[in-house]
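Reader: I would like to go through this model feature by feature. Please give the general idea each time, and then the case at hand.

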Amino acid sequence: MKFKGEHILSVNQFDRDSIQAVFDVADQMTPYALRQKRTKVLDGAILGNLFFEPSTRTRVSFGTAFNLLGGEVRETTGMSNSALAKGESLFDTARVLSGYSDIIAMRHPDSGSVSEFAEGSRVPVINGGDGPNEHPTQALLDLYTISKEQQYHGGSIDGIHIAMIGDLKYGRTVHSLSKLLSLFNNVHFTLISPKELGMPESILETLRSAGHTVEVTEQLEGSVDADICYQTRIQEERFESQDEANKYRGKFRLNQSIYTKHFKSKTVIMHPLPRDSRADANELDNDLNMNPNLAIFRQTDNGVLVRMALFALTLGVENLVTKYDREVHWFSTKC
Ligand code: CP
């Protein structure tokens, strides 16, 4: 895939070479994210960071990534704070905001909305999540994390066994991650969810037709010989009613004793976050916080590296980053 000047709307745009290109640039971003040095390569550039649906880490990490490259960020958050609430179309919004920005990151609750917006934009648009459809940058950071965790254990992405647990119907992160994993060889998927919240048939078909092993089950039973346990949240905001979402709340909890019973001692625990820590859900218990295999905060840190890489590639500065290096003058505990 060509990056420069392109929208990033779907993981379907990626092949293994373009994934590797993102990972290579992400690796080069580590000293900047650790504040060992800084760069001004995007000095003067403006990111339009448009989040029409709640977000903590995607919104802030897009902004942080752009700032770390020396650029400025302008934001709008929430539908009710934007002129979309007055009936303005996505096309008009895109025409206007792309006049103010060099690149746009956007999240919106409707499937296909970010692509529709991109049609009106004069600058590249990056999908920060469109309803239950896709979350391509999360999938890339998840895959980057899997790659790093597998390297740490002496393996690679090819041949991994991943268990995905929870709301696989509305969880856009598992949709996008599954599609990216389908590009690798001999992946074993164990998909654990209530029948009503199963992985969409189109994605199962993609995985099976690419020759991967797919097991579908409604219960976490016996020992699961997985390298990765990818837990998800019940996406209650996508259900018709709160009562319907409540039926599934707390159905799939992971804590240290459940982990020890069902997984290998080195199974890596991932979650796109936020984890629902309310008592009646508690899907990823705090008693796992000190488990060295809990990779959730390595995922969030990696999100900055991957988003920096995507900005650098899309704006065509991936080979200029070090040319605009500056020293760091402040004391940083990150170093
Ligand atoms: N993983 C993720 O998309 O988190 P936020 O909703 O906080 O952005």
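Author: We can begin with a loop. Asn186 lies in the loop between helix H7 (172–181) and strand S7 (188–192). Note that this is a predicted model.

Reader: What is the phi of Asn186?

Author: In general, most residues other than glycine have a negative phi. Asn186 is not a glycine, yet its phi is positive, about 50°. Arg35 is also a non-glycine residue with a positive phi, of about 60°. Arg35 sits in the loop between helix H2 (30–33) and strand S1 (38–39).

Reader: Is the peptide bond from Leu273 to Pro274 cis or trans?

Author: Most peptide bonds are trans. The bond from Leu273 to Pro274 is cis, and its omega is near 5°. Pro274 belongs to the loop between strand S10 (268–270) and H11.

Reader: In what order do the strands of the open sheet run?

Author: Strands of a sheet pair through backbone hydrogen bonds, in either a parallel or an antiparallel way. Here four strands form an open sheet in the order S3-S2-S4-S5, and the pairing is parallel. Strand S3 (72–77) and strand S5 (125–130) are the edges, each pairing on one side only. From one strand to the next the twist averages 10°.

Reader: How many bridges join strand S2 to strand S4?

Author: Five bridges link S2 (residues 46–51) with S4 (residues 103–108), and the two strands run parallel. Leu47 stands opposite Ile103 in S4. Helix H3 (residues 57–68) packs on this sheet, where it touches S2, S3, S4 and S5. The direction of H3 makes about 180° with that of S2.

Reader: How should I read the packing of helix H6 and helix H11?

Author: Two packed helices are described by the angle between their axes and the distance between the axes. For H6 (residues 136–152) and H11 (residues 296–314), the axes come within 8 Å and cross at roughly 115°. The crossing is right-handed. Among the contact residues are Leu140, Leu141 and Tyr144 of H6, and Leu305, Val306 and Leu310 of H11. The contact divides into six nonpolar, six polar and four charged residues.

Reader: How many cavities of 30 Å³ or more does the structure hold?

Author: There is one. By type, the lining of the largest cavity has five nonpolar, five polar and six charged residues.

Terms used
Residues are numbered from 1 along each chain as its sequence is written. This is a predicted model: local features need pLDDT of at least 70, side-chain atom pairs count only at pLDDT 80 or more; totals for chains, interfaces and linings use all residues. Side-chain values use heavy atoms; hydrogens and water are left out. Two strands pair if DSSP finds at least two bridges between them. Axes are lines fitted to C-alpha atoms, for helices over the stretch in contact, and angles run from 0 to 180 degrees between N-to-C directions. Contact means heavy atoms within 4.5 Å. A crossing is left-handed if the near helix is turned anticlockwise from the far one by less than a right angle, and right-handed if clockwise. Ala, Val, Leu, Ile, Met, Phe, Trp, Tyr, Cys and Pro count as nonpolar, Asp, Glu, Lys and Arg as charged, and the others, Gly among them, as polar. On a 1 Å grid over the protein atoms alone, a cavity is a set of points where a 1.4 Å probe fits but cannot get out, and a pocket is an open set with protein on both sides within 12 Å along at least five of seven lines; lining residues have an atom within 4 Å of a point. Grid points are joined across faces, edges and corners, and a volume is the space filled by probe spheres set on the points.
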